[in-house]
Amino acid sequence: MTPAEAALWFLPLVFPICLWVAYSDLKYMKIPNKAVLALLAVFAVVGPFVMPLEDYGWRWALAGAILVVGFLLNQIDAMGAGDAKFAAAMAPFFAWSNVIGAFGVFCACLIVTFVAHRLIRRMQAVRTALPNWESLFSKKFPMGIALMSTLLIHLVNTATK
């Protein structure tokens, strides 16, 4: 199966999980472990059917590497633990050869979502309409929206090649 076909299989399963992550991170400033496990389950179940087994195995190695980097970033308070776990769960959806490009997309998503979030949360109408949404009142940034955007952009881009 081509990478485009594989992405088409992943996309409808990953999309609702990404929405769940965005909602949860915006409202509660937390990415549920169940969402992380659901994303891993999608890759674990679908992956062997849509990619060569050698690639499938190497992508799990990438997940492990990203988990280690994420937890190191968490230790220096540069990333939340949920963000680190979700980034690791996202990693198998990327080939090793795409890591640099994925990081570039993530950086762009991080800038765009950070600016958009900071502008939106300054709107009194939004703060009044969503008084229980922690991200609107926290000094921290819900990085899950940048992470899930990166994954969706990657899958859509791959599917349309």
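## Overall fold

Helices here are DSSP runs of H or I with at least four residues, numbered from the N terminus. In this predicted model, the protein reads α-α-α-α-α-α-α along the sequence. That gives 7 helices and 0 strands.

The radius of gyration is 16 Å. The globule rule gives 15 Å for 161 residues, so the protein is as compact as a globular protein of that length. The C-alpha trace spans about 50 × 35 × 25 Å along its principal axes. Of the 161 residues, 44% count as buried.

## Helix 4, an enclosed element

Helix 4 covers residues 81–90. Of its 10 residues, 8 are buried, so helix 4 is largely enclosed by the rest of the structure. The buried set is G82, D83, A84, F86, A87, A88, A89 and M90. An aspartate, D83, is one of them.

What covers these residues? The cover includes helix 1 (3–28), helix 2 (33–50), helix 3 and helix 7 (144–159). Two of these partners, helix 3 and helix 2, are described below by their packing geometry.

## Helix 3 against helix 4

Helix 3 spans residues 53–75. Its axis comes within 8 Å of the axis of helix 4, and the two cross at roughly 165°. An angle over 145 degrees counts as roughly antiparallel. Helix 3 and helix 4 are therefore roughly antiparallel to each other. Their crossing is right-handed.

Helix 3 contributes A63, I66, L67, G70, F71 and N74 to the contact. Helix 4 contributes A81, A84, K85, A87 and A88. By class, the contact has 8 nonpolar, 2 polar and 1 charged residues.

## Helix 2 against helix 4

Helix 2 packs on helix 4 at an angle of about 10°, with the axes 9 Å apart. The cut-off for roughly parallel is under 35 degrees. Helix 2 and helix 4 are therefore roughly parallel to each other.

From helix 2 come N33, V36, L39 and L40. From helix 4 come K85, F86, A89 and M90. The contact divides into 6 nonpolar, 1 polar and 1 charged residues.

Is H117 buried or exposed? H117 is buried, with a relative accessible area of 6%. This histidine is found in helix 5, residues 99–121. Leaving aside neighbours within four places in sequence, H117 is in contact with L26, S135, L136, F141 and P142. L26 falls within the span of helix 1 (3–28).

G64 lies in helix 3. At 33% relative accessibility, G64 counts as partly exposed, whereas H117 is buried. How far is G64 from S24? The two are 40 residues apart in sequence and 24 Å apart in space, C-alpha to C-alpha.

Notes:
Residues numbered from 1 in each chain as written. Predicted model: local features only at pLDDT ≥ 70, side-chain atom pairs only at ≥ 80, totals over all residues. Heavy atoms only, no water. Axes fitted to C-alpha atoms, helices over the stretch in contact; angles between N-to-C directions. Parallel < 35°, antiparallel > 145°, perpendicular 65-115°, else oblique. Left-handed = near helix turned anticlockwise from the far one by under 90°. Contact = heavy atoms within 4.5 Å. Nonpolar A, V, L, I, M, F, W, Y, C, P; charged D, E, K, R; others polar. Rg over C-alpha atoms; globule rule 2.2 N^0.38 Å. Buried < 20%, exposed > 50% of the residue type's maximum accessible area, 1.4 Å probe, protein only.
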